[in-house]
Amino acid sequence: MAERKVKELLAGSPLVTVISPTATPALRQYHEQGKLKWVPREYAEGDLEGAFMVHAAANDPEVNKSVSAEAKARGILANVADHPDLGSFIHPSVLRRGRLLIAVSTSGAGPLAARTIRKKLENDFGTEYEEYLDALYFMRKMIQEQVSNSAARQKLLRKASSPGVLEPPSQGEFRPWSPEEIKQWINDNQEE
Ligand SMILES: C[C@@]1(CC(=O)O)c2cc3[nH]c(cc4nc(cc5[nH]c(cc(n2)[C@H]1CCC(=O)O)[C@@](C)(CC(=O)O)[C@@H]5CCC(=O)O)C(CC(=O)O)=C4CCC(=O)O)c(CCC(=O)O)c3CC(=O)O
Ligand SMILES: NC(=O)C1=CN([C@@H]2O[C@H](COP(=O)(O)OP(=O)(O)OC[C@H]3O[C@@H](n4cnc5c(N)ncnc54)[C@H](O)[C@@H]3O)[C@@H](O)[C@H]2O)C=CC1
């Protein structure tokens with residue numbers, strides 16, 4: 001459990017400390033590579049000093065309770081693996097396609113149901129969304145750089161994201177527009 005959360009955290013922040021007498025091979029490896037700090041002992045009150053966020057994931061409910069109490073006293077964000085209501089947030093099941101991020105939560109009803117719903121969405125939102133959103137990003141940047149009139153710019157920005165313009169195909173690969181095609185589209189669609 002702790003290993004899964006650490007992998008998610010390391011994707012965004014390099015400052016992770018694991019406090020636990022034992023660690024999985026993957027966590028030991030991260031420690032050896034300097035990607036996280038492993039403190040090989042049991043949790044002790046005071047360990048949360050200076051922390052921004054804590055994950056209480058010990059296999060002992062009493063330990064998780066103590067961690068959540070210290071987090072509350074210090075005003076630190078906490079996720080409590082076996083007792084979600086003692087924490088301040090829970091984890092969604094996450095689907096990423098480049099710039100697209102879809103988070104599914106059942107609000108604690110059933111984590112595996114969240115996973116099943118996420119898997120269903122994987123079919124509707126395929127890898128073509130990565131290229132589509134990169135292209136949309138580029139297109140919006142070009143509109144912002146080239147159209148100085150704010151009303152005209154707003155209309156174009158809205159239009160760029162609407163159906164039938166630069167959209168991912170329902171099947172097959174996405175074909176991005178060239179800068180020349182985008183320029184042409186801006187000229188053709190600009191209203192005074
Ligand atoms: C409340 C929450 C708090 C939180 O962790 O933030 C929570 C709580 C608990 N999970 C438990 C069990 C399992 N959780 C998973 C998996 C996931 N759990 C995740 C989230 C959440 N789990 C939050 C609610 C999210 C929501 O409701 O939508 C996911 C979505 C995201 C993630 O963890 O990153 C990730 C799937 C990721 C994916 O694949 O997409 C598996 C399957 C597995 O491990 O393979 C099992 C074993 C099967 C089973 O028990 O159903 C238990 C019982 C523990 C026990 O009694 O031993 C509790 C405690 C309780 O329910 O009170
Ligand atoms: N939220 C979720 O998605 C899930 C939550 N769980 C819950 O998460 C908890 C952990 O589950 P697993 O990772 O499967 O257990 P695990 O037994 O694999 O790992 C527990 C870890 O806690 C450490 N630990 C025990 N006492 C400690 C202490 N006093 N101080 C510091 N570390 C201590 C152990 O050394 C071990 O490394 C359980 O409470 C379980 O109910 C389990 C599965 C999924």
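Predicted model: local features only at pLDDT ≥ 70, side-chain atom pairs only at ≥ 80, totals over all residues.
Local features need pLDDT of at least 70, side-chain atom pairs count only at pLDDT 80 or more, and totals for chains, interfaces and linings use all residues. Residues are numbered from 1 along each chain as its sequence is written, and side-chain values use heavy atoms, leaving out hydrogens and water.

Strands β3 (residues 53-56) and β4 (residues 77-80) run parallel, joined by four bridges; pairing takes at least two DSSP bridges, and strands are DSSP E runs of at least two residues, helices H or I runs of at least four, numbered from the N terminus. Met53 faces Leu77 of β4.

As for the helices, the axes of α5 (residues 128-146) and α6 (residues 150-160) come within 10 Å and cross at roughly 170 degrees. Axes here are lines fitted to C-alpha atoms over the stretch in contact, with angles from 0 to 180 degrees between N-to-C directions.

Note on methods:
Chains lettered and ligands numbered in written order.
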